[in-house]
Amino acid sequence: MMMLHYSGSVPSQFVYNNLYPINYFHSPLKNEIDLAGNFGELRPNHFHSGWDIKTDNQIGYTVSASQMGFVSRIKLSKKGYGLAVYITHPNGFTTVYAHLSKLSDKLNYYLTNEQKKQNKTEIDFKLKVNQLKVKCDEFIAESGNSGSSEAPHLHFEIRDAFTEEAINPAFFGLKINDDITPIIKKIGVYSYSKKSENQKLRAINISANKNEKISRKIIVTDSIISFAINGFDKQKSKSKSELGFTSIELFHRKKNISKIYFDRLIFAENKTINNMIDTFQQTKQNLDWYKLFLPEQNISTFYKNKGNGIIVLKKNEVEDFEIVVYDFKNNSSKLIFSVEYKTKN
């Protein structure tokens, strides 16, 4: 299959159906997909690179190959992914299965042989093309809690086999239920004073998970501002797991001026998360804030901005804004509000 790459701007309605094979990959677990974490979710010092699929807080669930291919890599470590298997598929993608408890006899044969060969337990090795073939839905391992895992689950990724970029698994049409709209809890406003290079965030409580018009205006005393938001998504209403957004858009006078889209993760950009979030607020309040403007030092390709998300206001004019957030099933919430710039008396 020809690999498809997307480098242009991303419309509000996702376009991934035209980029990636739909219904090619199967769920690696037999049970319904219930997520504890999703792609692009904000984590300490990195973005989450796949799905964390719940296993009822138990180990030993059957993990199957999502499609035919060959095992291209096996890794065992006390940290990180723990025991992990990488399967490369003929269409140019690689699936990753991590935090496993044990491998099938077929795969374990290669692991133990390599451990003996290198005379060490923790190991990371690659296999030759088609050296270890697997069929679609073939049993390859049991789920576990190995590595840097806080509870039993299966970490699942889909990567571009050529670039090693992780891709949002939602783009491949795996069956997953979610009819809950994402929630915006707070809007943050940054004001840019000429006297200070350090911008402090002013948090405004919103608490909305539907289209909502804010009746009151936000008054600012600086003519140059930018925004951030705090919020989360849920797959199920009773779930305790708070997931990340898939897309965030900011409109000024109905013109899109800022867009964040969690589509493909370049692992070398992982540390840019510390520029996307407000680290001061995260430390102070344990809240994750998505900055809707592009910091100069941030090179994350998750930002699809045509501009930089910085807004210049006119004195005593009321400016209209919209913020729209999407989850991985394209459920959305929109906030409509206004801002007025007034000089200090």
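Just after helix 1, N119 takes a positive phi of about 55°. The model is predicted: local features need pLDDT of at least 70, side-chain atom pairs count only at pLDDT 80 or more, and totals for chains, interfaces and linings use all residues. Residues are numbered from 1 along each chain as its sequence is written, and side-chain values use heavy atoms, with hydrogens and water left out. Helices (H or I, at least four residues) and strands (E, at least two) are DSSP runs, numbered from the N terminus.

Helix 1 spans residues 105–118, 14 residues in total. From its first C-alpha to its last it reaches 20 Å, close to the 20 Å expected at 1.5 Å a residue; the expected span is 1.5 Å times one less than the number of residues. The buried residues of helix 1 are L107, L111, E114 and Q115. They cover an arc of only 105° around the axis, which puts them on the same side of helix 1. The arc is that of the directions from the helix axis to the C-beta atoms. An α-helix has 3.6 residues a turn, so residues three or four places apart point the same way. The face turned away from the buried side of helix 1 carries the exposed residues D105, Y109, K116 and K117. Here buried means under 20% relative accessible area, exposed over 50%, and partly exposed in between (1.4 Å probe, protein chains only).

The buried residues of helix 1 pack against several strands, including strand 6 (69–76), strand 7 (83–88) and strand 8 (93–103). The largest nonpolar core has 41 residues, of which V71, V85, Y97, L100, L103, I140 and F172 touch the most other members. Elements that give two or more residues to this core include helix 1, strand 4 (51–54) and strand 12 (153–160). Strand 8 gives the most to this core, with four residues. A nonpolar core is a set of buried Ala, Val, Leu, Ile, Met, Phe, Trp, Tyr and Cys residues joined through side-chain atoms within 4.5 Å. V85 touches V71, R73, T95, V96, Y97, L100, L103, L107 and I140, not counting residues up to four places away in sequence; contact means heavy atoms within 4.5 Å. Apart from this core lies another, of 37 residues, among them I257, I273, Y290 and L335.

Strand 20 (residues 255–261) is mostly covered, with five of its seven residues buried. Strand 19 (residues 247–252) pairs with strand 20 in the antiparallel sense over six bridges; two strands pair if DSSP finds at least two bridges between them. S247 has Y261 of strand 20 as its bridge partner. Two residues lie between the strands of this hairpin, in which R253 takes a positive phi near 55°.

N270 is found in the loop between strand 21 (264–265) and helix 2 (273–276). N270 is buried, with a relative accessible area of 14%. Its side chain reaches the backbone nitrogen of F47 at 2.8 Å. Leaving out residues up to four places away in sequence, N270 touches N45, H46, F47 and L265.

Methods:
A polar contact is a pair of N or O atoms within 3.5 Å; within protein, one must be able to donate a hydrogen and the other to accept it, and residues adjacent in sequence count only if both atoms are side-chain atoms.
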